[in-house]
Amino acid sequence: MPGNDGTRSTDSPAGDAGRSLRADARGVSPVVGAVLMLAVAMLLLSVLQTTAIPALNAQQEFQHNQDLQTDLVELETTVDRVAAIGTGETTPVAVGLRYPPRLVFVNPPPVSGRLRTTDPRNATIANARAPGETGDYWDGTTRRIPTRTVVYSPAYNEYGDAPTTVYEPWVVYNRQDDASVPLTGTDLVDGRRISLVAIDGEYSASRAGTVGVNAEPESAPVRVVTVRNDTGPVTLTVPTGLRNDTWTRLLEAELAANGGNVTGIDCADEPPAPCGELTLTLSPGSYDLHLGEVALDGSDREPATYLTDVEGNATAVPESGRQRLAVEARDRFDNPVSGVPVAASVADGPGEVDRVRPTSGPDGRAVFVYRAPDDVAESQSVTVTARFGDGAEQRTVDFDVRVVDLDPGTGPPPGPGPGPPPGTSADAVAGVEESVDSGNVPGRDRGREITFDLRATEAVTVTDFSVQTRGDLAGRPFVDRGTTFDGSEPRVTFQGEVGVVLREFGGSGNLGVEEFVDPSDEDAVVVVTLQFDDGSTRTLGIA
């Protein structure tokens with residue numbers, strides 16, 4: 001309709017509807033865009049959750065596994081240190097893993113791998129003989145040493161081909177499918193040193209984090225016992241999950257073909273299977289045993305296994321005099337055991353025994369004093385016997401003490417019994433032919449050593465010694481570093497055979513000595529002079 005001014009009005013229902021539709025269309029566009037953006041964001045988050053987050057977690061798990069391997073290598077170092085010093089320590093081991101927070105993303109459950117010890121299996125040492133009272137235990141028979149292995153089994157969510165890490169007392173390695181890769185070397189045999197620290201204790205831990213593994217000494221600190229292979233080669237057998245070819249690489253420097261002392265490497269099972277049991281055959285000569293035992297998470301001290309003399313054997317005492325007698329109670333690892341009651345008495349001859357410390361102390365030693373009579377009609381031998389437990393041969397020590405008559409002319413004439421042997425200590429000592437050998441000095445400061453045996457027809461006491469180098473060794477003087485007579489430093493008393501280890505000679509390379517010769521012989525590159533308690537000396541040439 002025309003308006004009052006003659007124009008047509010635009011306020012019609014149709015016009016209002018058009019404007020409303022256009023306005024509604026403009027409001028829908030932002031909503032649709034927001035929905036689409038939200039959908040894209042959700043899709044992106046979903047893709048990240050299923051691809052990127054697992055990849056990041058796999059990277060975290062891989063790094064954790066690397067740290068875990070380092071922890072087990074450190075645990076091996078800790079166990080060796082505890083065995084060496086006899087004091088317990090704790091080592092952290094990261095057995096599990098918690099993932100870092102990832103805002104809106106979802107992580108899988110934390111990782112809880114398992115660290116455990118296996119059931120014990122025996123390591124063995126055969127054909128090892130020690131001189132003196134220690135030889136009642138190390139008499140060549142096969143000695144068994146039970147030990148466990150530490151195993152870490154991973155349980156990762158993403159790192160599916162992670163290896164199992166194994167700590168055997170002689171090597172740490174990764175085991176994956178049919179392959180095993182060592183993470184450390186081995187010190188099972190090093191020159192003429194045999195090292196074996198057994199692991200004890202039933203341990204198991206599984207958690208999402210780090211545990212502290214307590215290593216406690218059961219047989220420590222480690223002592224050294226020198227043994228020989230008089231009737232057959234010394235053999236060392238240990239359980240292992242490595243293959244023959246892997247052990248050949250680990251022991252390459254110790255093989256006889258390379259100047260070492262390992263003449264044979266044999267496995268119970270043939271490749272490609274693991275060895276199961278590895279047997280090492282050693283060349284003739286003397287070896288230093290370094291044995292010990294460490295328990296993981298709790299310990300019970302090893303009981304005493306045998307008794308050996310420390311002081312007072314093959315000595316002389318005047319009438320009315322006194323002689324200190326000391327014995328040492330040791331476990332099967334040759335380490336001292338405290339708290340062992342020891343009894344001692346005169347088994348043959350005159351005199352009495354006083355108890356000074358009849359129960360072994362922290363050093364494993366029990367102490368007695370032999371009191372000679374105020375007067376004896378003639379010089380004579382006395383036997384004092386010390387024992388513990390059932391008194392078996394290896395738990396009994398006999399001391400030979402000679403009581404000296406200070407006034408032999410005042411008593412009755414000597415009886416038919418044997419008197420003191422004629423001559424000096426030097427006259428009673430000779431070198432054992434075909435016992436001379438040489439090899440590497442074990443340890444960080446490597447040098448050389450010479451080993452040989454002496455035989456005494458009577459009890460003699462070495463108070464000191466000196467060494468002169470000549471010929472090709474004239475420019476490589478002898479620097480004493482732990483020379484031993486059957487594992488002990490002079491002053492040493494012995495009768496029968498004793499093994500001597502001279503350490504060390506400067507320089508490197510095989511000395512090549514193999515026999516005794518006259519000290520004045522120009523071929524003698526080493527001259528050893530022994531000093532005895534009676535003032536006599538004995539000089540030996542070695543070529």
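Modeller: One cut-off first. A residue is called buried under 20% relative accessible area and exposed over 50%; partly exposed covers what lies in between. Keep in mind that this is a predicted model.

Now the pairs. Side chains of opposite charge can pair when their charged atoms come close. The count here comes to 21 salt bridges. Take Asp354 and Arg371. Their side chains meet in a salt bridge, with N to O at 2.6 Å. This pair links distant parts of the chain: Asp354 belongs to strand β23 (residues 352–357), Arg371 to strand β24 (residues 365–371), and the two are 17 residues apart. How accessible is Asp354? Its relative accessible area is 29%, so Asp354 is partly exposed. Arg371 has 24%, and therefore it is partly exposed as well.

Next, Glu74 and Arg81. Their side chains also meet in a salt bridge, at 3.9 Å from N to O. The cut-off for a salt bridge is 4 Å, so this pair counts. Glu74 is partly exposed, because its relative accessibility is 37%. Arg81 is partly exposed too, at 33%.

Asp390 has a relative accessible area of 59%, over the 50% limit, so it is exposed.

Salt bridges can also be linked to one another. In this model Arg223, Glu328, Arg330 and Arg365 are linked in a network of them.

Which residues form the negative surface patch? They are Glu433, Glu434, Glu514, Glu515, Glu522 and Asp523. Look at Glu522 in particular. It sits in the loop between β32 (516–517) and β33 (526–532). Its relative accessible area is 73%, so Glu522 is exposed.

Six aromatic pairs are found in a search of the whole structure. In one of them, Tyr137 and Trp138 have ring centres 5.4 Å apart and planes at 85°, so the pair is edge-to-face. Both partners are buried: Tyr137 has a relative accessible area of 6%, and Trp138 has 1%. Elsewhere, one aromatic cluster is made of Phe62, Tyr156 and Tyr159.

Ile125 lies in strand β5 (residues 121–126). It is buried, at 1% relative accessibility. Val238 is 113 residues from Ile125 along the chain, yet their C-alpha atoms are separated by 9.0 Å. The other contact starts from a loop. Gly88 has its place between α1 (13–85) and β1 (89–94). Its relative accessibility is 31%, so Gly88 is partly exposed. Ala215 is 127 residues away along the chain, and the C-alpha atoms of Gly88 and Ala215 are 5.5 Å apart.

Asp354 and Arg371 tie strand β23 to strand β24 across 17 residues.

Terms used
Residues are numbered from 1 along each chain as its sequence is written. This is a predicted model: local features need pLDDT of at least 70, side-chain atom pairs count only at pLDDT 80 or more; totals for chains, interfaces and linings use all residues. Side-chain values use heavy atoms; hydrogens and water are left out. Patches are made of residues with over 30% relative accessible area and no salt bridge: like charges are joined within 9 Å, nonpolar side chains (Val, Leu, Ile, Met, Phe, Trp, Tyr) within 5 Å. Accessible areas come from the Shrake-Rupley method with a 1.4 Å probe; for residues, only the protein chains shown count as cover. Lys and Arg count as positive and Asp and Glu as negative; His and the chain ends are not counted. The place of a charge is taken as NZ of Lys, CZ of Arg, CG of Asp or CD of Glu. Helices (H or I, at least four residues) and strands (E, at least two) are DSSP runs, numbered from the N terminus. Buried means under 20% relative accessible area, exposed over 50%, partly exposed in between (1.4 Å probe, protein chains only). Rings of Phe, Tyr and Trp (its six-membered ring) pair if their centres lie within 6.5 Å; planes under 30 degrees apart count as stacked, over 60 as edge-to-face and the rest as tilted.
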